[in-house]
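Here is a short briefing to read with the structure open beside you. Take the topics one at a time and find each residue as you go.

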Amino acid sequence: MKKTTILLIEDDESIADLYVESFSDEDVTVRVAKNGKEGIAALKQGVPDIILLDILMPEMNGFEFLKEIKKEKEYRDIPVLLLTNLGEEKIDMDSELVFALGIHGYLIKAKNTPDQVLERIHKILKK
Amino acid sequence: MFFMKIKEKRQTLSPSDQTLDRFYRISKKVSSSLELSDTLENIAQGLLEITGYDFCNIFLLNHRDNDYAENWYSTNDEFKGEKIYLPKAERLKRLFKAEKNLFYCGNDVRSSRPKLDRYFKKNKISCSLHIPLMHQHIKGCVLLDKSSAGCELSSDKLSKSIDTLVSLSATALDNAIAHKVILRQRDRWHAIFDEINDGMVVVGDDIKISRVNKSFAKMLDREVVSFELKDLDEVFFKKEAAHLGKELKKIFLKGVLEVTEREVILKTRTGTMQANMKISFVRRDGDFPKIMLTFEDVSQLKRLERSKDEFVSIISHELRSPLTTMRGFLSLLQKEDKYGGLNTKQKKFVGRAYDSTERMSDMVEEILSVNKLAVGKVDLDIQPTDLRGVAREVIRDLSSKTEEKNIRIAYRNDKEVPLVPADKTRVYQIMVNLIDNAIKYTGENGSVQIFFKENGGNVVFSVSDTGIGIAEDELNKVFDKFSRTTRAVNAGVNGSGLGLFIVKRLVKAHGGDIWVESIEGEGSIFNVSFKKKIEKNQERRKNEKNNHFTNRRR
């Protein structure tokens, strides 16, 4: 079976480490970018199965990154899971925000263990 | 013809009749005014006229301890406002004891009080008549003095007239003093009304503003008089004015007060302001009923509250990231198959650290959701909801906790529970909080009961536990922000004191109610009522939301 490739765009090194470490024994490869700009650069190296995207980041934030990739035909359809500590988690896959942003989900990092994040990733990819 | 006759008759009045005539005139004058200074003047002038004496002094005992007499009226400058201390002022003392007139003449006119004695000497007083002045609150005496020769009062009759006049004077004086007291009290009340920090508005049963206080005028940056007899829309915006007007009319009509407090927007001279309004109904016998509106400026409070909420929100969000990593790595450490085993102590330490992080995360999340509830309205997605179904879900999700403490959750399942209009996620939140609490505060092997009841237009959901219970004086505090009962703290049960606050907000947002019954040491029952029928404004909100969704989606 093909390994799932994840692009994690996250400026907090500890959190990035946590996900890389937690996902390491699954059939998953994680690449890490420190902000939106690095994320775009990483996309050019290869298109991942899914993007985990933080919102508050220096240089280029998550929303700006989303705008950029929605312009590009080859990136437009990559599933994106917002992973942030902003806001409240009343928003799920059916919510307006998710719909408006063209993303596939929205998780509060503090409220979900890495295992739960991974579960959600699989759920999105299965669809 | 008729006039002629009277005129003739007048001319034939006898001297004593003339005295009588004069007496009537004077006595009428004495009681003609309620003003204290006028009354005193009229009394003195009347007595001087009737007796033909030269000087008049009116002394009243200070009524608190009767140790001095104060001069309230004097034809002599040296006495104005003077106090004559009594213990040794024999004459006055005797006078009050005797309660009858004392008359001194010639060498007898002297006093042991230096002030009085000086006065007698200076004015060469040859006769001094001291008449007690008594009526209810009045206790005093009138001194009538004369320096000219001939001291006897001409007749018994005159002496009687003097007595009558003085007794009339005492009554008039009493009235005048009472009047003054009333005026002073009214002034004092007005002063309090004006100076009180809250803005106050008195509304009459014509639903017009009859009076406002200074603070209210200041709040709105206007003059006090500019409100008088104005309609409510002088102060409120049209909609609120109409609504309040109806409400007040109902209060006047029924004589009872229903809603007592809410937040309103007031029109100021240049803009608007937010205030907390309290309505109170004032009805006293013999007076027209009035409604008093009291306003507390909450704009500043609100600003403060908002900046506090913002601060808390920022801090809590900031805390989320480090907590995420702490919790994440601590849980990784516990995955022994992946990272190798820990020794017993290490395992214990990591476990402790993990639990604490968990607790802290829960706290941060609770603070954030409280903040969200405090900042804005609760957004409800109202759907027909199966309360029992949600309860079942909650019980299933909490099963690890009930198993851990071997707590039995009993379920009364006999009757159908109708669907209620509610937001399912919020109902879950309400129930999970209450049931989790019940488990938390119940000892091992205890039991928790859940039941549903239909009660008029409501469905009531109740959770009863066999836990530590709540002391009576703490019963109404359990729903306050950050409140924890002494028993809960003493029992060493962890909690932020936010859960029930959140629950109450959510219940209220549904238009429902929450209340608790408890016996200390035996357990508590928390009850939540849900309305069976949707409220008007909820319906509207629901429709808006649905339209919103459909527009967006399709």
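**A buried aspartate, a helix pair and some aromatic rings**

Asp309(B) sits in helix H9 of chain B, which covers residues 299-333. The model is a predicted one.

**Asp309(B)**

- Asp309(B) has a relative accessible area of 5%. Buried means under 20%, so Asp309(B) is buried.
- Asp309(B) and Ile367(B) lie 58 residues apart in sequence. In space, their C-alpha atoms are 9.7 Å apart.

**Helices H12(B) and H14(B)**

- Helix H12 of chain B spans residues 387-397, and helix H14 of chain B spans residues 424-441.
- The two pack at an angle of about 50 degrees, and their axes are 9 Å apart.
- On the H12(B) side, the contact residues are Leu387(B), Val390(B), Ala391(B), Glu393(B), Val394(B), Ile395(B) and Asp397(B). On the H14(B) side, they are Lys424(B), Val427(B), Tyr428(B), Met431(B), Val432(B) and Ile435(B).
- By class, this contact has 10 nonpolar residues, 3 charged residues and no polar ones.

**Aromatic pairs**

- Over all chains, the count comes to 11 aromatic pairs.
- One of them joins Phe23(B) and Tyr24(B). Their ring centres are 6.2 Å apart, and their planes stand at 55 degrees. Edge-to-face needs over 60 degrees and stacked needs under 30, so this pair is tilted.
- Is Phe23(B) buried or exposed? Phe23(B) has a relative accessible area of 11%, so it is buried. Tyr24(B), at 52%, is exposed.
- Phe55(B) and Tyr119(B) form an edge-to-face pair. The centres are 6.3 Å apart, with 70 degrees between the planes.
- This pair links distant parts of the chain. Phe55(B) is in strand E1 (residues 55-61) of chain B, and Tyr119(B) is in helix H5 (residues 114-122) of chain B. The two are 64 residues apart.
- Both Phe55(B) and Tyr119(B) are buried.
- Ring pairs also link Phe216(B), Phe227(B), Phe236(B) and Phe295(B) into a cluster.

Key. Residues are numbered from 1 along each chain as its sequence is written. Chains are lettered from A and ligands numbered from 1 in the order in which they are written. This is a predicted model: local features need pLDDT of at least 70, side-chain atom pairs count only at pLDDT 80 or more; totals for chains, interfaces and linings use all residues. Side-chain values use heavy atoms; hydrogens and water are left out. Axes are lines fitted to C-alpha atoms, for helices over the stretch in contact, and angles run from 0 to 180 degrees between N-to-C directions. Helices (H or I, at least four residues) and strands (E, at least two) are DSSP runs, numbered from the N terminus. Contact means heavy atoms within 4.5 Å. Ala, Val, Leu, Ile, Met, Phe, Trp, Tyr, Cys and Pro count as nonpolar, Asp, Glu, Lys and Arg as charged, and the others, Gly among them, as polar. Rings of Phe, Tyr and Trp (its six-membered ring) pair if their centres lie within 6.5 Å; planes under 30 degrees apart count as stacked, over 60 as edge-to-face and the rest as tilted. Buried means under 20% relative accessible area, exposed over 50%, partly exposed in between (1.4 Å probe, protein chains only).
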